[in-house]
Amino acid sequence: MRINPITNNNFSYAKSTKQKSFGNIHSDVSVPEERNLINLNHLNNTYSQVGINFKGAQNTSLALVQQLPLEDRLASLFQNFMIGDLILIGKDLKTAKKAMYQSAGLLKNVIKRAFFIPDEKIGGNLGFITIPTGEREVINLNPEKINLISNNKTYDLDPNDSFYILKDDVLDLKGNLLKIKDEPKTDLSFFRKNFSTSFNFENSVTPEIEKINKKAIASLAADEKKRPSKVTFADVGGQEKLIDELKKSIIYPIRYPQGYQNIDVNHGFILYGPPGTGKTHIARALANEADAEFIQLNGLELESKWVGESEANWRALFDTAKESQPCVIFIDEFDAVARSRDSQDEYGNKVVNQILTLMSDIDNEASDVYVIGATNNFKALDSAITRSGRFGKHLEVALPDKEGIGKIYDIHSKNKPLDESISKEDIVKRLFDLKASGADIRYIINEAHNNGYERAGIFEKMENKTLKDSDISEFKILPEDFDKAIESFSKSKNINKRNPIGYNK
Ligand code: ADP
């Protein structure tokens, strides 16, 4: 548990916050005088011994330095304790390090410098950090609770827990007390090296921080650019008739229910046509235009996922849709769930019947739920589905004509650096001859972009880390980049016979 005591902007220490928000307040306890950690009578003695020793031989035994009260050694480090610093106290560095490693999640910032103060008497491991607000925190690196005595109150500090500390607080490790001071009794700055080991990671950490920050700033800009503008009908090319139909059948009934009180509204649609013609794209745009919830499913996946529980799952799906009306359920590869089966296929027939029952509920309740099944293979659909009024509208999504190709080309090349020498007319003609779908057109434009990068050596510069911003800003896609993209598309089309098996208008 860690409670930030800051309650206002001037970073004043609000001691009372600690008391209010900290759960485990024991009864008031004052620090017993006789348990003071250090026998202060020895202090002057020790200091002068160390001083003499340093001034003389410039070396001193660790044992001697350790006789300096821990509170003073700690306070001396506190005098120069910055954000990014970590102080570890423990019997030996190895155990302290291990304990700190496990509590690394408590660190609020990158560690640039670490200091280790060896001390046996304290009987445990402690970590100290300065948090970004400028306050100090102690981290309990012990497997058991320690106590923090502050303003005559005692607080529990669980293992692996951190808590802010103030001047005059006392940490209690099973009876060993450590007082928090801002400065040591005597200036120890000259001896710091002798009672603590310091590690400086600044050289390795700073470039790393720069890298991370640059990445963050770069992705900030990317986010801004990429902020997904919702797909709308303006992003669909060459399907005007279909869009017009969907507006009248779905969007207007959702927007103007008062106009549809005496009209039977159709809730089930089948979109059919070759792959890549934009069936999914259009359904998504439709949901956005209608400001409706969009649930996208794939028939093939449902078939394999919902085995045995199909009926219950279909019911749950429709319930969810009804709860979030208006809602568009889009089922791609609809033929996988609603394909024609022989009458022996009890399971398949059950699913189809279940879908039809749920659809008739939607019709009867006049819910704002619209189910769009998409298929490349209309003929494969169960006639119980296609003939019933439940999926009453069958809409073809055909390959685009020349005009449509032109529009789709414009949509997908809108933000591309096209050279002026590119002839749109020529490309449109070639795409039409190749019977390219919307998805193909998008693919070819992106391939042309990639080919251009290859030609201009941009990928190479990315690899060599020599890419300049001007390389991108001055780059243009040339006709030859399109030639290459169209050529390789046409080859793959011939090889793969891209028309779906069984596709029949
Ligand atoms: P389908 O569902 O018919 O197989 P998709 O909707 O998945 O086709 O099409 C894939 C991608 O191709 C879409 O996300 C879109 O970017 C692009 N696309 C397809 N058809 C069109 C179109 N008519 N207008 C604009 N882009 C299209």
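**A buried glutamate, a helix and a ligand shell**

Glu333 is buried, because 21 other C-beta atoms lie within 10 Å; a residue counts as buried with 20 or more such atoms, exposed with 12 or fewer, and partly exposed in between, with C-beta atoms placed from the backbone. This is a predicted model, in which local features need pLDDT of at least 70, side-chain atom pairs count only at pLDDT 80 or more, and totals for chains, interfaces and linings use all residues. Residues are numbered from 1 along each chain as its sequence is written.

Glu333 sits in the loop between S13 and helix H12 (346–365); helices (H or I, at least four residues) and strands (E, at least two) are DSSP runs, numbered from the N terminus. The phi of Glu333 is positive, near 50°. Ala366, in the loop between H12 and S14, also has a phi near 50°. Ala366 counts as partly exposed, with 14 C-beta neighbours inside 10 Å. Most residues other than glycine have a negative phi.

Next comes helix H9 (residues 279–290). Nine of its 12 residues are buried, so H9 is largely enclosed by the rest of the structure. Among the buried ones are Ile282, Leu286 and Glu289.

H9 also gives two or more residues to the shell around the ligand, as do helix H14 (402–413) and helix H16 (438–455). Domain 2 (233–396) and domain 3 (402–496) both contribute to this shell, so the ligand lies between them; the domain bounds come from an automatic or database domain assignment.
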